[in-house]
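Work through the exercises below with the sequence and the model open. Each task is followed by its solution in steps.

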Amino acid sequence: MTASSAEANPADTLQERPVSGSRVKAVWFERDTVASGLDFGLATDRFTLDQAFRLQHDQYVAQGYMDSHPSHWRLSVYNALPCTRVFVARDNGRVLATMSVINDSRLSLPMAEIYGEELRKLRGENRQLAEVSGLAVHPAYQKSGLAILLRLIRMVLIYSIETALVEDLCITVNPHHEAFYRKAFGFESMGGLKHYGKVNGAPALALRLDLDVRRGFIADLREGRPVDSEVYTFLFKPEAFEPVLARLDADLAQAFPRLEDVRYFFSRHEAGTTMSPAVRAYIDWCWKSTETTDPRTLQEGMADDLVGA
């Protein structure tokens, strides 16, 4: 999801509250035995992160969104920030799907390259922003792609709502996939059609999801009130929501990534070796700030930094 959402999009296999009229039905994803048997969580070790970066690289190259890189990693400066989270789906330890959440900071968001004015408008409304990026699914699992995507997005949404306290979740998508994200999740238009250099000039549309509305869905389902969306009922029903929240809490408590892991990747890739002194100084400051911060509330500190910028 970002110009990253178009890469190997499970939407190919197929509003504001309430999300009604959606043609995305639970029968398409709820009983998928492959997806149900996978492990979903945060990347909490270097080996998992390496696999995630390689999967993104390979799928972006296959879709024509980037040229092959000698490292076989897809990295950006945002991966060096301590508040960037990489989510993965694993099958016996093998990463088969991934996406990332990049929280807003003084570096802005990746989509600011072409949607800077739209982001500034949201910040002017004092909205806490994050961008979803780096969606990739291994080709061998594309048949269950939609079911895997829904379970990965469940973790992304619950993290963004409950932990990162995000208010608007932003994405850039290939226009071919816009209808899916609108109908399945209720994303709204944020910016018109542009060509995105980060993915070799592919066309992109900016969308945003108001997470305050989705907080209402969570509250309704906890109180036993139905919501008019099979997707959000699946994502946020209490028997699914509570285990995901517990898993996120456990994963975040491991305080990963660590600075030494970031240095490992970025010392071997030009995203790190060509980093400007100003960006490097800011990233170093962010990491120094984490020394006295609970990893589970790290994003709140980054948000305070942005407000003070």
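**Exercise 1.** How many helices and strands are there in the chain?

Solution. This is a predicted model, in which local features need pLDDT of at least 70, side-chain atom pairs count only at pLDDT 80 or more, and totals for chains, interfaces and linings use all residues. Residues are numbered from 1 along each chain as its sequence is written, and side-chain values use heavy atoms, without hydrogens and water. Helices (H or I, at least four residues) and strands (E, at least two) are DSSP runs, numbered from the N terminus. The chain has 12 helices and seven strands.

**Exercise 2.** Describe the surroundings of Thr 84.

Solution. Step 1: locate Thr 84 in the loop between helix H2 (46-62) and strand E2 (85-91). Step 2: classify Thr 84 as buried, because its relative accessibility is 4% and buried means under 20% relative accessible area (1.4 Å probe, protein chains only). Step 3: list its contacts (heavy atoms within 4.5 Å). Beyond neighbours within four places in sequence, Thr 84 touches Tyr 78, Asn 79, Val 101, Ile 102 and Pro 257. Step 4: note that the Thr 84 side chain reaches the backbone oxygen of Tyr 78 at 2.6 Å.

**Exercise 3.** Which residues have the most contacts inside the largest nonpolar core?

Solution. Step 1: join buried Ala, Val, Leu, Ile, Met, Phe, Trp, Tyr and Cys residues through side-chain atoms within 4.5 Å; each such set is a nonpolar core. Step 2: in the largest, of 57 residues, Tyr 181, Phe 185 and Phe 236 have the most contacts. Step 3: helix H4 (residues 145-163) supplies the largest share of this core, 13 residues.

Definitions and conventions: Buried means under 20% relative accessible area, exposed over 50%, partly exposed in between (1.4 Å probe, protein chains only). A polar contact is a pair of N or O atoms within 3.5 Å; within protein, one must be able to donate a hydrogen and the other to accept it, and residues adjacent in sequence count only if both atoms are side-chain atoms.
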